[in-house]
Amino acid sequence: MRIVTTLLLVVLFTSQAFSQRKVLFDNDWRFQLGIQQAEQPTFNDASWRIIDLPHDWGIEHLPNQEPGKVVGPFSKESAGGFATGNTVGGEGWYRKSFVIPKEDANKRHELYFEGIYNQSEIWVNGQKVYRNVYGYTTFRVDITPYCNRAGKENTIAVRVLNEGKNSRWYTGSGIYRHVWLIRTASSYLEDWGTFIHTASVQNQQADISLSTTVVNSDKKEKDYTVNVTFISPKGEIVAQSSSQTSVAKGSKVIVPFEIQVQKPLLWNTDAPHLYEVKISLWNNNIKEDEYVLPFGIRTIQYSVEKGFELNGVPTLLKGGCVHHDNGLLGSASFDRAEERKIQLLKQNGYNAVRGSHNPMSESFMNACDRLGMLVIDEAFDQWRSKKNDADYHLYFDEWSAKDLQNLVLRDRNRPSVIMWSIGNEIRERISERGKATALYLKNEILQFDNTRPITAGVNKYWNKDRTAMIPLDNAFYHLDIAGYNYMWRFFEEKHVRFPERIMYSSESVATEAAGNWDKVERLPYVIGDFIWTAMDYLGESGLGNSFEVDPQENVHQFMEWPWFNGWCGDIDLIGIKKPQSYYRDVLWRERAISMAVETPVPAGKIKKVSFWGWREESLSWTFPEFENDTLKVNVYTRAAGVRLYLNNTLVGEQTIDTLYTASFRVPYQPGILRAVEVNNNIEGASTVLQTQGKPAALRLTPDKSQLKADGQDLSYVLIELIDEQGNVLLNTDRKIEIECNGNGTIIASGNASPTDMESFGSSRPMLFKGRAMAIIRAGKETGTIEVRAAAEGMKETKVTLSTH
């Protein structure tokens with residue numbers, strides 16, 4: 001091997017003609033649910049459905065609907081039960097044909113699967129080429145040896161199996177993330193073989209270390225030139241370098257570079273500047289390959305004195321745990337769905353997420369890079385000890401190193417990733433075996449990235465009688481950053497014993513948010529808080545339940561049929577901010593004051609809330625059936641005190657407690673309820689709730705009115721029942737009908753209710769708290785899409801979208 005590096009000034013080479021390197025392979029798959037023997041090219045799949053990926057069969061309506069037993073995609077016979085939201089897995093098959101054109105006859109062909117849940121087997125032209133067992137792993141398969149000659153049809157068959165109790169939450173089923181076809185010459189740049197990181201930024205210069213892997217699959221040694229070009233977010237070339245190397249036949253070589261970028265635009269959560277890095281491979285003045293990737297220049301440091309620093313700036317992690325599903329879409333990972341998820345979180349004050357408890361989709365991670373969201377990138381929910389009979393513990397010994405390698409190689413160039421998490425609430429965490437496993441996983445990561453700390457989400461460990469906690473020393477022994485699930489009360493105590501330990505709340509609940517966040521702000525060694533959860537998700541049904549019970553009844557951790565939604569998020573299943581999120585706004589200093597009204601309970605009942613729940617509150621002052629009854633009004637602010645007015649008459653004034661809350665008992669009268677913060681007897685910011693009028697119309701609001709005609713883009717159309725003043729009628733629900741015509745289709749619809757199974761995926765959903773949603777998928781031609789909604793007694797409302 002010979003490597004010579006020079007500054008690249010002028011490029012006089014010519015590029016050989018070649019087809020697009022990486023193409024989306026999502027369109028025109030055939031799908032059939034059920035046991036088949038469909039791997040052979042001669043299999044007749046003419047009767048199968050034609051679908052475009054991503055695809056999750058877990059949210060498709062089941063046959064033989066029967067009230068109380070089979071409703072929509074939900075079944076009482078679900079193997080996962082409440083854990084997976086009463087959904088059904090099974091076996092599914094996908095098939096697709098393609099032809100290699102003559103210009104690609106000598107190319108290498110690779111299939112790149114971003115994720116298939118759960119176990120999958122891949123056949124090419126009747127030959128089994130790969131097996132994957134972890135439904136969240138991104139994997140790649142070189143299919144070159146199995147492809148037919150150029151011009152002859154090739155058949156890909158994928159068997160997907162999702163059986164038994166294999167998860168604690170909703171997973172989805174099928175090829176639920178993108179598939180790509182990658183085509184390169186026999187000499188190429190290995191996609192995951194490039195590693196870029198910012199070594200330092202000082203004196204207006206960024207020093208960047210880059211290495212890339214050159215593969216020579218030819219039958220003789222070859223000489224190569226590798227060119228690297230950095231293009232700024234403004235489109236300007238800001239750095240170039242070149243290196244010459246020789247690679248023996250059938251071998252690969254890592255080529256290192258040290259790059260300097262002057263006056264760099266740094267990536268951060270407010271201004272996520274991304275550079276474009278172009279790496280090209282040349283042989284005898286012919287371009288063999290070119291690989292382009294985004295890169296954010298940024299530095300991260302951790303210390304007990306300053307906490308977490310992004311680009312040298314102390315930054316508190318306003319975090320949320322998020323599962324991988326996309327609500328009404330199930331687990332289908334559309335780019336727009338993942339982008340919208342991050343946009344919603346950013347709009348609600350979050351600057352960090354913890355992927356729970358598995359690798360997130362590439363679309364999700366791309367959105368985090370592009371929009372400026374910090375990520376704890378998590379690998380596993382279990383190691384060798386099971387949480388369910390059919391979960392990943394069955395495959396850990398054989399597959400964990402490879403799955404972890406795939407995660408790190410895929411995500412190590414991302415500016416958003418600030419920690420690697422090796423697990424969550426691992427059963428064997430306190431044992432010597434668990435300690436050794438943590439070291440094994442840490443070392444696997446360090447082979448491929450030593451620039452980020454290792455963490456995990458660790459929870460309490462009780463003795464058999466649950467009378468005493470057992471020390472967690474082994475669980476934390478090999479972690480660089482300590483993640484505490486629901487143990488924020490112990491931070492000061494642990495700091496005394498472990499003064500060099502950096503900590504954060506890797507999971508917490510909304511009702512303890514004030515105590516958590518106070519410690520994050522006060523203690524420099526506590527770097528953030530991650531709420532369980534930032535958004536509602538499918539499965540872990542009823543975890544955040546809150547309902548009316550007799551005083552002697554207990555609240556359950558999970559809820560059975562017809563619950564299917566966790567109901568513990570700050571943001572609901574269709575993206576609407578829930579009352580607890582307004583409280584968090586005050587804690588995070590995103591707003592000065594907020595207010596909500598606790599929903600009344602019938603006589604003889606009380607309201608009980610689960611540990612992960614939040615009291616039932618309304619963001620409306622509309623309770624006509626409770627006229628003159630006393631209602632509880634909660635006001636949240638960091639001010640010293642608050643005054644409450646009803647119809648401009650002072651109801652009362654209170655000082656704020658340690659939870660930043662003042663509660664008032666107010667006899668209900670319709671009108672305007674106004675809360676005003678008070679400091680030193682001076683009134684400041686205020687917030688208002690008012691009595692809503694009678695239903696007047698349906699309002700349709702698309703989040704995007706112009707869509708790409710690519711068969712992938714989405715528009716989320718929010719449907720609301722409003723009064724004459726445009727207020728959403730939060731206490732008035734009714735059934736609606738939704739239609740869509742033109743160059744698009746409704747691919748998901750429903751509401752945010754955690755129990756309304758009939759509305760999930762229905763074109764005739766009920767409104768829930770005055771709202772429902774239709775998700776429109778753009779077609780592949782330019783044109784228009786008309787979405788209509790109607791309800792009894794309401795004039796039909798429509799909105800027009802366009803595709804281009």
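**Figure 1. Secondary-structure elements at the lining of the largest cavity.** In this predicted model, helix 1 (335-347) and strand 49 (771-778) each contribute at least two residues to the lining of the largest cavity. The most is given by helix 1, with four residues. The volume of this largest cavity is about 200 Å³. Its lining is made up of 20 residues, of which D325, N326, G327, K341 and M535 are the closest to the cavity centre. By residue class, the lining of the largest cavity consists of 11 nonpolar, four polar and five charged residues.

**Figure 2. The second largest cavity and its lining.** A volume of about 150 Å³ is found for the second largest cavity. The 20 residues that line this second largest cavity include Y117, Y134, N166, Q382 and Y392, which are the closest to its centre. The lining divides into eight nonpolar, eight polar and four charged residues. In total, the structure contains six cavities of 30 Å³ or more. Rolling a probe the size of a water molecule over the atoms shows where empty space is left.

**Figure 3. The cis peptide bond between S356 and H357.** S356 and H357 are joined by a cis peptide bond, for which omega is about -10°. H357 belongs to the loop between strand 27 (352-355) and helix 2 (362-371).

**Figure 4. The cis peptide bond between W532 and T533.** The peptide bond that joins W532 and T533 is cis, with omega at about -5°. T533 is located in the loop between strand 33 (526-531) and strand 34 (546-549).

**Figure 5. W567, a buried residue with positive phi.** W567 has phi near 60°, a positive value in a residue other than glycine. The loop that holds W567 runs between strand 34 and helix 8 (579-587). Because its relative accessible area is 9%, which is under the 20% limit, W567 counts as buried.

**Figure 6. N680, an exposed residue with positive phi.** For N680, a residue other than glycine, phi is positive and near 55°. N680 is placed in the loop between strand 42 (672-679) and strand 43 (682-690). The relative accessibility of N680 is 76%, which is over 50%, and N680 therefore counts as exposed.

**Figure 7. The whole protein as context for the close-up views.** The secondary structure of the protein comprises eight helices and 51 strands. Its C-alpha trace spans about 90 × 65 × 55 Å along the principal axes. A compact globule of 804 residues would have a radius of gyration near 28 Å, and the protein, with 28 Å, therefore agrees with that expectation. Of the 804 residues, 60% count as buried. Among contacts with a separation of 6 or more, 72% are accounted for by residues 24 or more positions apart. The protein exposes about 32,000 Å², of which carbon and sulfur atoms supply 48%.

Definitions and conventions: Residues numbered from 1 in each chain as written. Predicted model: local features only at pLDDT ≥ 70, side-chain atom pairs only at ≥ 80, totals over all residues. Heavy atoms only, no water. 1 Å grid on protein atoms, 1.4 Å probe; cavity = no way out; pocket = protein on both sides within 12 Å on 5 of 7 lines; lining within 4 Å. Points joined across faces, edges and corners; volume = space filled by probe spheres on them. Nonpolar A, V, L, I, M, F, W, Y, C, P; charged D, E, K, R; others polar. Rg over C-alpha atoms; globule rule 2.2 N^0.38 Å. Buried < 20%, exposed > 50% of the residue type's maximum accessible area, 1.4 Å probe, protein only. Contact = heavy atoms within 4.5 Å. Areas by Shrake-Rupley, 256 points an atom, 1.4 Å probe, with all protein chains shown as cover.
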